[in-house]
Amino acid sequence: MHPLEQLRYLARSWGAGDELPVQEAASVLAELADISPGALLQACRRLIEYFPGSGRAWWLSARALSAPEPVEGIWDAAAELDADPTFEHLARELPVGRPVALVHAPRALSLAVARRAGVSVQKKPRGASVVVVVAQAAGPEHALLSPRAVEAVSMARSHDAEIWCAVPRGALLPGPLWAQLQLRAGQEVPQLLSADRASTAVGEAGAGPMTAVLAGPTCPPVAELLAWRA
């Protein structure tokens, strides 16, 4: 099967809003970069079209296109995503003895919190003291949330719960790519969490004010991803 066909199959296998299948996507991109380097840009753009609201799709594509050796760069980037320490940082910071709600949590987050002794986790945000949401993507001042997380944030505000936002490695984009993501994903303002709305944010470097966590994207704003026709 041609790598572009594999990419199409991959997109059909994963629903919108699910986590980006990083290793599978990297495998397709790396194979294409090896056999047809000139088609890598097309594949990266196609990946983004399939997963327009995934910061990691943009991040992986930007790292692939900016790497001096694309195949090596793709696998290095995928390894970095798999080794993301964000959820471990978050689990260590959660308060003991207070009810915590994990909203639309990736499996890695649930496992990290389960290993932390004394943290009381509940399924629904109502009644929780801390509501944890995970950014699908983020830019200099905002994080993009799933619809379920937006509802949870609204509920948390209604009973004065703390809102914690996890920004996984790869979700954070430089300003120009973040602007493109919003245009292509068609997201509206209510699905954006502004930096001043989160009590605490946690990124790959640890916990801190959300403005600080959103200040250090780790991929370049490659020109090839700033504008193109679908």
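**View 1. Across from V133 sits C165 of β6.** Welcome to a predicted model, in which local features need pLDDT of at least 70, side-chain atom pairs count only at pLDDT 80 or more, and totals for chains, interfaces and linings use all residues. Residues are numbered from 1 along each chain as its sequence is written, and side-chain values use heavy atoms, with hydrogens and water left out. Strands here are DSSP runs of E with at least two residues, helices are runs of H or I with at least four, and both are numbered from the N terminus. Two strands pair if DSSP finds at least two bridges between them. β3 and β6 run parallel and are joined by 5 bridges.

**View 2. The side chains of β3 point two ways.** Strand β3 covers residues 130-134. V130, V132 and V134 point one way, whereas V131 and V133 point the other. β3 is mostly covered, with 5 of its 5 residues buried; buried means under 20% relative accessible area, exposed means over 50%, and partly exposed lies in between (1.4 Å probe, protein chains only).

**View 3. β1 pairs with β2 and with β3.** Strand β1 spans residues 99-102 and β2 spans residues 120-122; the two pair in the parallel sense over 3 bridges. The pairing of β1 with β3 is also parallel and also has 3 bridges. Look for V100 here: its bridge partner in β2 is V121, and its bridge partner in β3 is V130. A101 stands opposite V131 in β3.

View 4. In the loop between β1 and α7 you will find H104. H104 has a positive phi of about 50° although it is not a glycine. Its relative accessible area is 34%, so H104 counts as partly exposed.

**View 5. D160 also has a positive phi, of about 60°.** D160 is not a glycine either. Its place is the loop between α8 (147-158) and β6 (162-166). D160 counts as exposed because its relative accessibility is 72%.

**View 6. P125 lies in the loop between β2 and β3.** Is P125 buried or exposed? P125 is buried, because its relative accessible area is 14%.

**View 7. Three strands form an open sheet in the order β4-β5-β7.** The pairing in this sheet of 3 strands is antiparallel. β4 (137-138) and β7 (192-194) are the edge strands, and each pairs on one side only. Between β4 and β5 (residues 142-144) there are 2 bridges. A138 stands opposite A143 in β5.

**View 8. W58 and W228 form an aromatic pair.** A pair of aromatic rings is described by the distance of the centres and the angle of the planes. Rings of Phe, Tyr and Trp (its six-membered ring) pair if their centres lie within 6.5 Å; planes under 30 degrees apart count as stacked, over 60 as edge-to-face and the rest as tilted. The count by this rule is 1 aromatic pair. For W58 and W228 the centres are 6.2 Å apart and the planes make 50°, a tilted pair. This pair links distant parts of the chain, 170 residues apart: W58 is in helix α4 (residues 55-66) and W228 is in the segment after α10 (210-213). W58 counts as buried because its relative accessibility is 0%. W228 counts as buried too, because its value is 12%.

**View 9. The second largest pocket holds about 190 Å³ of space.** Of the 13 residues that line this pocket, the closest to its centre are L172, G203, E204, V213 and G216. A pocket is an open set of points on a 1 Å grid over the protein atoms alone, where a 1.4 Å probe fits, with protein on both sides within 12 Å along at least five of seven lines; lining residues have an atom within 4 Å of a point. Grid points are joined across faces, edges and corners, and the volume is the space filled by probe spheres set on them. The lining has 7 nonpolar, 5 polar and 1 charged residues. In this scheme Ala, Val, Leu, Ile, Met, Phe, Trp, Tyr, Cys and Pro are nonpolar, Asp, Glu, Lys and Arg are charged, and the others, Gly among them, are polar.
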